[in-house]
Amino acid sequence: MLSAFANAFRTPDLRRKLLFVLMIITLFRLGSQIPAPGVNTANVQSCLNQVQNDSIYSLINLFSGGALLQLTIFALGIMPYITASIILQLLVVVIPRLEALKKEGQAGQTKITQYTRYLTLGLALLQATGIVALARSGNLLRGCTDSLLYSDGTQTFLVMVITMTAGTAVIMWLGELITEHGIGNGMSLLIFTQVVATFPISMWEVAKTKGWWVFSIVMIIGMVIIAAVIFIEQAQRRIPVQYARRMVGRKMFGGSSTYIPLKVNQAGVIPVIFASSLLYLPAMATQFNPNSTNPFLIWVGNHFVKGDHPLYMAVFFGLIVFFTYFYVSITFNPEEVADNMKKYGGFIPGIRAGKPTEDYLSYVLSRITFPGALYLGLISLIPLIALVVVQANQKFPFGGTSILIMVGVALDTVKQIESQLQQRNYEGFLR
């Protein structure tokens, strides 16, 4: 990985792209530190110090890089875009018009991207309204009685909502700039930046609260987890595909062989995000009613807020397994793949084209998804287990969504850098 970056910086074109990416990331982090108009920063910091060990805010801090609870101009971070992208992916399966657009190639994908932008702004407006309303009522950071805003007036409310919504639009623009003029997927790199931004703080929390001996053990465990995640993320089942030869005019086409790569973790980090978001809803219900005497809310507060209860772990693991199968089923369609292979004269050796190929792909996919779902569930339970074993609270750095995002985006970016380096080496050889 280090050699790839070193070689990239020796290449003028790649060096310009990498420096451009670093500049955009710097602007993004700068915007994540600038408070929105009307925010009482002193009171916000005081309240954050009071609730820093509350596990209900762990998911919020993860995807906003700590910006949301500080009520900055980029407080919403990339979450509205992630949510909008997931919703559009689900709607493509349900709505025939969107499915037709997806099959139109680049033009259809451009249209879906445009819909994603509109939906992102709509979700950002709703989320900003909810967050500012919670901040104005004093329920954003539970247990804190200090006023987070200088004024509770309607004008301040509207200015903050517009500022945060505009901040989300700017983040989308920055991500697209990275994709177009830099290296890697812009949105993924911004998510990576927000996750990594909280990583040093999490490590320091472990060292400060548990001592350097526990810190050293955590680092060793972390290196082992990263190695395991890299191994699983790279693992794939390659299904061989052979294309029959055919004559078109006087030319012979086909006769080549390739393969269909089915990754063990075909769903990526999406099932973990789904499960975390779903389990965040009951915790949010207790946040709105912190002093409620409702037996159900009290039961939810005891079992689904802190994250160290066995029932919470079991439900979390079950949801991840369910969403892994669900997401893989809507993103990889064996029937469509089998039809395309048959159309272009492709076949799997030993398997007849058409329905038998579809059944074989479904069989392999279901078998390979099972270990992938178990892997996602176990990795996501690591911070919860650490919460019970070493009382490291949910800032435990190595595990869950954070490590999956960091490793996944880093591997993808390095692959793209190596790909561009190989292209330039081939060009030089041809010259």
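Which residues in helix 2 meet which residues in helix 9? I took this up as my opening entry, on a model that is predicted.

**Entry: helix 2 and helix 9**

I looked up the two sides of the contact. From helix 2 I noted Val 21, Ile 25, Phe 28 and Arg 29. They meet Leu 189, Leu 190, Thr 193, Gln 194 and Ala 197 in helix 9. Sorted by class, the contact of helix 2 with helix 9 holds six nonpolar, two polar and one charged residues.

For the geometry, I found that the axes of helix 2 and helix 9 cross at roughly 55° and come within 11 Å.

**Entry: helix 8 and helix 9**

I stayed with helix 9 (residues 186-197) and turned to its packing with helix 8 (residues 154-181). The angle is about 115°, and the axes of helix 8 and helix 9 are 7 Å apart. On the helix 8 side I listed Ile 171, Met 172, Leu 174, Gly 175, Glu 176, Ile 178 and Thr 179. On the helix 9 side I listed Gly 186, Met 187, Leu 189 and Leu 190. The class count for the contact of helix 8 with helix 9 is seven nonpolar, three polar and one charged residues.

**Entry: helix 5 and helix 7**

Next I looked up helix 5 (residues 79-94) against helix 7 (residues 106-137). They pack at an angle of about 130°, and their axes are 8 Å apart. I therefore wrote helix 5 down as oblique to helix 7. The crossing of helix 5 and helix 7 is right-handed.

Helix 5 contributes Pro 80, Tyr 81, Thr 83, Ala 84, Ser 85, Ile 87, Leu 88 and Val 92 to the contact. Helix 7 contributes Ile 112, Tyr 115, Thr 116, Leu 119, Thr 120, Leu 123, Ala 124 and Gln 127. I sorted the contact of helix 5 with helix 7 into eleven nonpolar, five polar and no charged residues.

In what order do the strands of the open sheet run? I read the order as 4-1-5, three strands with antiparallel pairing. Strand 4 and strand 5 are the edge strands, each pairing on one side only.

I then went through the pairings. Strand 1 (residues 236-243) and strand 4 (residues 257-263) run antiparallel and are joined by seven bridges. Among the bridge partners, I noted Gln 236 with Lys 263 of strand 4. I also noted Ile 239 with Ile 260 of strand 4.

Strand 1 and strand 5 (residues 346-347) also run antiparallel, joined by two bridges. Here I noted Gln 242, whose bridge partner in strand 5 is Phe 347.

**Entry: salt bridges**

How many salt bridges does a search of the whole structure find? I recorded three. One that I looked up joins the side chains of Asp 13 and Arg 16, at 3.6 Å from N to O. Both lie in helix 2 (residues 12-31); because Asp 13 and Arg 16 are three residues apart there, about one helical turn separates them.

Key:
Residues numbered from 1 in each chain as written. Predicted model: local features only at pLDDT ≥ 70, side-chain atom pairs only at ≥ 80, totals over all residues. Heavy atoms only, no water. Axes fitted to C-alpha atoms, helices over the stretch in contact; angles between N-to-C directions. Helix = DSSP H or I, 4+ residues; strand = E, 2+ residues; numbered from the N terminus. Parallel < 35°, antiparallel > 145°, perpendicular 65-115°, else oblique. Left-handed = near helix turned anticlockwise from the far one by under 90°. Contact = heavy atoms within 4.5 Å. Nonpolar A, V, L, I, M, F, W, Y, C, P; charged D, E, K, R; others polar. Pairing = 2+ DSSP bridges. Salt bridge = Lys/Arg side-chain N within 4 Å of Asp/Glu carboxyl O.
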